[in-house]
Amino acid sequence: QEKAPEGNLTKLMEFVLLDFADVPHHQKFLFGLFLLIYIIILMGNGIIFLITKLDPGLQTPMYFSLGNFSLLEICYVLGTQRRTISLVACATQMCFVLTLGATECFLLAPSGYPLVMNPKVCVQLVAGSWVSGIPIQIGQTCQIFSLPFCGSNLINHFFCDIPPILKLACGVSFLNELLVFTVAALFVLVPFLLILVSYGRIISTVLKLPSATSRGKAFSTCSSHLVVVALFFGSAIVTYLRPKTQGSAGTDRVLSLFYTILTPVFNPVIYSLRNKDVMMALRKWPGKHFSSCKK
């Protein structure tokens with residue numbers, strides 16, 4: 001099923017994800033590398049999710065948000081593991097990944113505020129982040145997959161993302177591209193600008209602190225969040241908001257690695273291994289669990 005018949009363009013029923021097929025001599029190395037990365041993501045974020053739910057000392061709005069962020073990263077990785085994929089499954093995967101991406105955009109935007117917000121507001125923000133993007137992303141996915149597909153069924157990517165799918169579609173109009181750009185601006189650019197504005201205010205406040213030590217600690221806390229923001233939003237903005245004529249399949253794949261793999265890998269390191277409360281809970285939890293099992 002390499003080609004779809006020219007007179008029957010909508011009968012394409014299956015796609016093949018090429019992953020990194022253009023570097024055949026490195027397939028085994030890449031398979032081993034990505035397998036190791038996926039295991040690290042699942043274990044690291046899984047431990048953080050469990051520890052924030054089970055440790056009484058971490059039952060605060062900040063760690064509630066952190067636990068949800070870790071769960072999101074696990075779902076992200078689990079949602080991008082296919083090779084040969086049907087049209088319906090490809091659309092489902094795209095909708096799943098886009099919805100998770102929208103959720104991450106919204107979770108990153110207020111993630112600096114759980115320290116000062118009450119639990120009820122925090123739960124509302126997290127719940128809103130998870131559900132608010134669902135109807136729009138379902139609509140966008142339906143709009144993209146309502147287009148006829150022509151030519152090859154080979155997707156030069158490792159999951160069903162918007163740019164490689166649009167390259168296989170026929171009759172992509174200016175309206176189609178405008179809708180994709182508008183949704184991307186809503187879910188990517190707007191939260192990113194809100195983060196920049198909030199950090200502008202935070203930095204101006206930190207600079208007014210009288211102690212250099214206090215300023216250093218504050219900037220250290222902010223820098224962790226900014227690293228994740230830069231990785232995730234920077235790659236997403238270039239991927240979804242640049243003109244369709246610019247960029248290549250190789251560029252799209254590399255950029256997608258940032259928001260689907262690097263951010264989930266760095267999440268446990270940035271948010272948890274540098275956090276004294278989480279590290280203390282991790283040291284105590286095995287002993288507590290072992291003692292409870294003995295009883």
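Helices (H or I, at least four residues) and strands (E, at least two) are DSSP runs, numbered from the N terminus. The model described here is predicted, so local features need pLDDT of at least 70 and side-chain atom pairs count only at pLDDT 80 or more, while totals for chains, interfaces and linings use all residues. Residues are numbered from 1 along each chain as its sequence is written, and side-chain values use heavy atoms, with hydrogens and water left out.

The protein chain holds ten helices and five strands. Of its 295 residues, 45% count as buried. Buried means under 20% relative accessible area, exposed means over 50%, and partly exposed lies in between (1.4 Å probe, protein chains only). The chain exposes about 15,200 Å². Carbon and sulfur atoms supply 72% of that area. Accessible areas come from the Shrake-Rupley method with a 1.4 Å probe; for residues, only the protein chains shown count as cover. Contact means heavy atoms within 4.5 Å. Among contacts between residues at least 6 apart in sequence, 76% join residues at least 24 apart.

An unreviewed UniProt entry places the feature "transmembrane region" at residues 29-50, 62-79, 86-109, 178-197, 218-241 and 253-273. UniProt positions are given in the numbering used here, feature names are shortened, and annotations may be inferred rather than shown by experiment. Two of these spans were examined in the model. Residues 86-109 are 92% helix and 4% strand, with end C-alpha atoms 35 Å apart. Residues 178-197 are 100% helix and 0% strand. The end C-alpha atoms of that span are 26 Å apart.

Helix H3 (residues 87-108) pairs with H7 (174-206). Their axes come within 9 Å and cross at roughly 10°. That angle makes H3 roughly parallel to H7. Axes are lines fitted to C-alpha atoms, for helices over the stretch in contact, and angles run from 0 to 180 degrees between N-to-C directions. Angles under 35 degrees count as roughly parallel, over 145 as roughly antiparallel, 65 to 115 as roughly perpendicular and the rest as oblique. On the H3 side, the contact involves Ala102, Cys105, Phe106 and Leu108. These meet Phe187, Val188, Pro191 and Ile195 in H7. The contact comprises eight nonpolar residues, no polar and no charged ones. Ala, Val, Leu, Ile, Met, Phe, Trp, Tyr, Cys and Pro count as nonpolar, Asp, Glu, Lys and Arg as charged, and the others, Gly among them, as polar.

Cys95 also lies in helix H3. The C-alpha atoms of Cys95 and Gln137 are separated by 6.0 Å, though the two residues are 42 apart along the chain. Leaving aside neighbours within four places in sequence, Cys95 is in contact with Gln137, Ile138 and Thr141.

Met13 sits between strand E1 (3-4) and strand E2 (14-17). Met13 is exposed, with a relative accessible area of 53%. Its C-alpha atom is separated by 8.1 Å from that of Val88, 75 residues away along the chain. Gly171 occupies the loop between helix H6 (162-168) and helix H7. Gly171 is exposed, at 62% relative accessible area. Gly171 touches Leu147 and Asn176, not counting residues up to four places away in sequence. Arg242 is found in the loop between helix H8 (212-241) and helix H9 (249-273). Arg242 counts as buried, at 18% relative accessibility. Arg242 and Phe181 are 61 residues apart in sequence and 8.7 Å apart in space, C-alpha to C-alpha.
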